[in-house]
Amino acid sequence: MTQARAWLAEDPDPDTRAELAGLVDAGDLDALADRFSGTLQFGTAGLRGELGAGPMRMNRSVVIRAAAGLAAYLKANGDAGGLVVIGYDARYKSADFARDTAAVMTGAGLRAAVLPRPLPTPVLAYAIRHLGAVAGVEVTASHNPPRDNGYKVYLGDGSQIVPPADAEIAAAIAAVGALDGVPRPESGWETLGEEVLEAYLARTDAVLSPGSPRTARTVHTALHGVGTAVLTAAFARAGFPEPVLVAEQADPDPAFPTVAFPNPEEPGAMDLAFATARRARPDIVIANDPDADRCAVAVPDASAEGGWRMLRGDEVGSLLAAHLVNRGVSGVFAESIVSSSLLGRIAAKAGLGHEETLTGFKWIARVEGLRYGYEEALGYCVDPEGVRDKDGITAALLITELASALKEEGRTLLDLLDDLALEHGLHATDQLSVRVEDLTVIADAMRRLRETPPTALAGLPVTSAEDLSQGSGLLPPTDGLRYQLAGARVVVRPSGTEPKLKCYLEVVVPVADASALPAARSEAAELLAGIKRDLSAAAGI
């Protein structure tokens, strides 16, 4: 109660003041303990959490301290007076958090520039290097539930922070005293005009081959996020047919009224897109998550319920890689350790470099000589010279170019996936993902797997078990486990952005010829189901 009253005395937001005052007046100690049991931890994903009052929630007080800590870190590292670019999505409080960040940076003697309106995260990532900034901040909770918001930090190279910067910024945040001691002028920062967006859109042209086919028809959903206007503008510049929009989800809406979770991978999130596709009969369906840094793809499939099938992130990642190889690109292909091993085979066959990194584009973007990077959670970096992060707009352009080229040949994305299976073996992936209310469930599962690792899954012997917290090869330590099996691979890790335990599964089945594909798919599906079952039992989840 003492902490709550002290917080209340300096809270600059009337909304969270009213919330907290109500809890204090009601003597609701359980609710207060939930908000004051600790602090949101700043890490390589920045901050992300539920909106509300107190240090365990996302609110203006927490954001002001985070901005002050970031400013102190930048000044201590020789960037005093440098430019910080700030972007934000359309979630509740995002504009307030962006404005507070600009005020704190200005008060600390740095220059601040705010994007002109809610825009996709890739626009912010692009603007950092385009404007020569020393850092960037994106206020977004990406695909988290509507009650959440977040705070993502980039440094001047245009990529997200990695250790030790995260710990150093966290220490600077912890050193921030009373909010009254953080200067926050009412003005002095710049609101950027449309020119930065125009520069980003001009850059999107670079991902396509001059003169390539542009005939594929698309249905697009922004899932109530900020992607619609930028994606349709990019498609118009490229000369693709105008996407058919999922009208109910095209405009930004922080309540996300038509979905339980605004994530294309979640059950039901694509229902309206598929209904629109059944009417419009496009070649592909494209979905962005709310901040449009991810891109999901669905294709017509007569064998699928409703006639449409979502492609897995690994399938899209492999298709884009094959398309780039066919175009004759050079450089390194990179992926996170939880993504399909098929990328490595595609790169090796093409004589290209290949690297695996820890999960997250903060690692992928730092691969030397990177030409293309992806991870299975629908993230694709197809233009690292423009955006050193995942970018759902340019990925959508590139997959639509590929669909157009195949359409001209009377083929589809599914046909190309068959080609890759015949050439490299059928690589089938799946995920066992468990969302929890109590984080100790995740800790208990990881402890159980470390103490008693499985010796076989789905009848396949485990040939090696690695505790990634000890590091592995050139990979820095991370909380995770990796199992190699005869013809399969499993990675288990707690999510860095959501209260989930995530298990990434892959099986590889050799394919002799096209006639063997159906049997190979059935075998892969049975193996994945068996691995899920046995791993769930071993982890106690």
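Strand β18 and strand β19 (residues 481–485) run antiparallel and are joined by five bridges. On its other pairing, β18 (residues 460–467) meets β17 (residues 456–457), again in the antiparallel sense, over two bridges. Keep in mind that this is a predicted model.

- What do β17 and β18 form together? They make a hairpin, with two residues between the strands.
- Alanine 458 sits in that turn and has a positive phi of about 55 degrees.

**The six-strand sheet**

- Six strands make an open sheet with mixed pairing, and their order is β1-β5-β4-β2-β3-β6.
- Why is one side of β1 (47–50) and of β6 (190–191) left without a neighbour in the sheet? Both stand at the edges and have a single partner strand each, so there is nothing in the sheet on that side.
- Further in, β2 (residues 83–88) and β4 (residues 135–139) run parallel, with five bridges joining them.
- Helix α4 (residues 60–76) lies across β1, β2, β4 and β5 (148–155), and it runs at about 5 degrees to β5.
- Something handy when you look at any sheet: in a regular strand the side chains alternate between the two faces.

- β12 (residues 332–336) and β14 (residues 370–375) pair in the parallel sense, over four bridges.
- Glutamate 335 has tyrosine 374 as its bridge partner in β14.

- The axes of α11 and α15 are 10 Å apart, and the two helices pack at an angle of about 85 degrees.
- The two are therefore roughly perpendicular to each other.
- Which residues make this contact? From α11 come Glu315, Ser318, Leu319 and Ala322, and from α15 come Leu413, Leu416, Leu417 and Leu420.
- Sorted by class, the contact of α11 with α15 has six nonpolar residues, one polar and one charged.
- The axes of α12 and α15 come within 11 Å and cross at roughly 75 degrees.
- That makes α12 roughly perpendicular to α15.
- Here Leu342, Arg345, Ile346 and Lys349 of α12 touch Leu420, Glu423 and His424 of α15.
- This contact of α12 with α15 divides into three nonpolar, one polar and three charged residues.

**The second largest pocket**

- Rolling a probe the size of a water molecule over the atoms shows where empty space is left.
- The second largest pocket holds about 400 Å³ of space.
- It is lined by 22 residues, and the closest to its centre are Ala322, His323, Asn326, Leu402 and Leu416.
- Which elements give two or more residues to its lining? They are α11 (313–326), α12 (342–350), α14 (392–408) and α15 (413–424).
- The largest share, five residues, comes from α15.
- By class, the lining of this pocket has ten nonpolar, five polar and seven charged residues.

- Proline 163 and proline 164 are joined by a cis peptide bond, with omega at about 5 degrees.
- Proline 164 is in the loop between β5 and α7 (165–174).
- Alanine 292 has a positive phi of about 60 degrees, although it is not a glycine.
- You'll find alanine 292 in the loop between β9 (284–288) and β10 (295–300).

Note on methods
Residues numbered from 1 in each chain as written. Predicted model: local features only at pLDDT ≥ 70, side-chain atom pairs only at ≥ 80, totals over all residues. Heavy atoms only, no water. Pairing = 2+ DSSP bridges. 1 Å grid on protein atoms, 1.4 Å probe; cavity = no way out; pocket = protein on both sides within 12 Å on 5 of 7 lines; lining within 4 Å. Points joined across faces, edges and corners; volume = space filled by probe spheres on them. Nonpolar A, V, L, I, M, F, W, Y, C, P; charged D, E, K, R; others polar. Axes fitted to C-alpha atoms, helices over the stretch in contact; angles between N-to-C directions. Parallel < 35°, antiparallel > 145°, perpendicular 65-115°, else oblique. Contact = heavy atoms within 4.5 Å.
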